[in-house]
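I opened my notebook to record, entry by entry, what I looked up in the chain shown here.

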Amino acid sequence: MEAQQFITTFLKDFVKILSEMSPYLLLGFFFAGLLHAFIPKNRIEKYFNGKPFRSSLLASIFGIPLPLCSCGVIPTGMAFYKNGASKGGTISFLISTPQTGVDSILATFSLMGSTLCNSTTTCRPDYRNNRRYGYQPCHQQQ
């Protein structure tokens, strides 16, 4: 009976998490489709492949205006990589986009003020440490 209860609880939690994440994943798939449709593959290879520092910097700058959270950036990053971006550029895009997006900066500014907004958008090393300081990914905020 204990195994059946575990499986039932697992499936209920899985459906709940999937339903919370799905809008953000769909937004990521939407931006991945726009990336595939409107940005030629040779342009991605030209700017986001090659010298590691340059491709990482350009990929980070490219991700700033995109309103993607940590869930929605994954499909966009996969499309980015499949279209010819380097591994370093893709990782830089995946890390920087949820942290430096315009929506993240505005939400942080409205909730915490300018001093904390500047420090959280420039000094966040990763999401594991952010949980210690009270930051939750967008799909877990209430």
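**Entry 1: Phe31.** I looked up Phe31 and found that this residue lies in helix H1, where helices (H or I, at least four residues) and strands (E, at least two) are DSSP runs numbered from the N terminus. I noted that the model is a predicted one, in which local features need pLDDT of at least 70 and side-chain atom pairs count only at pLDDT 80 or more, while totals for chains, interfaces and linings use all residues. I also noted that residues are numbered from 1 along each chain as its sequence is written, and that side-chain values use heavy atoms, with hydrogens and water left out.

Is Phe31 buried or exposed? I found a relative accessibility of 17%, so Phe31 counts as buried; buried means under 20% relative accessible area, exposed means over 50%, and partly exposed lies in between (1.4 Å probe, protein chains only). Leaving aside neighbours within four places in sequence, I listed Leu66, Pro67, Leu68 and Thr76 as the residues in contact with Phe31, contact meaning heavy atoms within 4.5 Å. I also wrote down that Phe31 and Pro75 are 44 residues apart in sequence, yet 8.3 Å apart in space, C-alpha to C-alpha.

**Entry 2: Thr76.** I followed the contact from Phe31 to Thr76, which lies in helix H4 and is buried, with a relative accessible area of 3%. Not counting residues up to four places away in sequence, Thr76 touches Gly28, Phe31, Ala32, Leu35, Leu68 and Phe93.

**Entry 3: Cys71.** I placed Cys71 in the loop between H3 and H4, and at 4% relative accessibility Cys71 counts as buried. Cys71 and Met21 are 50 residues apart in sequence, but their C-alpha atoms are 6.8 Å apart in space.

**Entry 4: helix H3.** I saw that H3 covers residues 52–63, 12 residues in total, and reaches 17 Å from its first C-alpha to its last, close to the 16 Å expected; the expected span is 1.5 Å times one less than the number of residues. Which residues of H3 are buried? I listed Ser55, Ala59, Ser60 and Gly63. Seen down the axis of H3, these buried residues fall within an arc of 130°, so they line one face of the helix, the arc being that of the directions from the helix axis to the C-beta atoms. What covers them includes helix H2 (41–48), helix H4 (73–82) and helix H5 (87–100).

**Entry 5: Leu18.** I turned to Leu18, which lies in helix H1 (residues 2–38) and is partly exposed, with a relative accessible area of 43%.

**Entry 6: the whole chain.** I counted seven helices and zero strands in the secondary structure of the protein chain. Buried residues make up 32% of its 142 residues. Among contacts between residues at least 6 apart in sequence, 66% join residues at least 24 apart.
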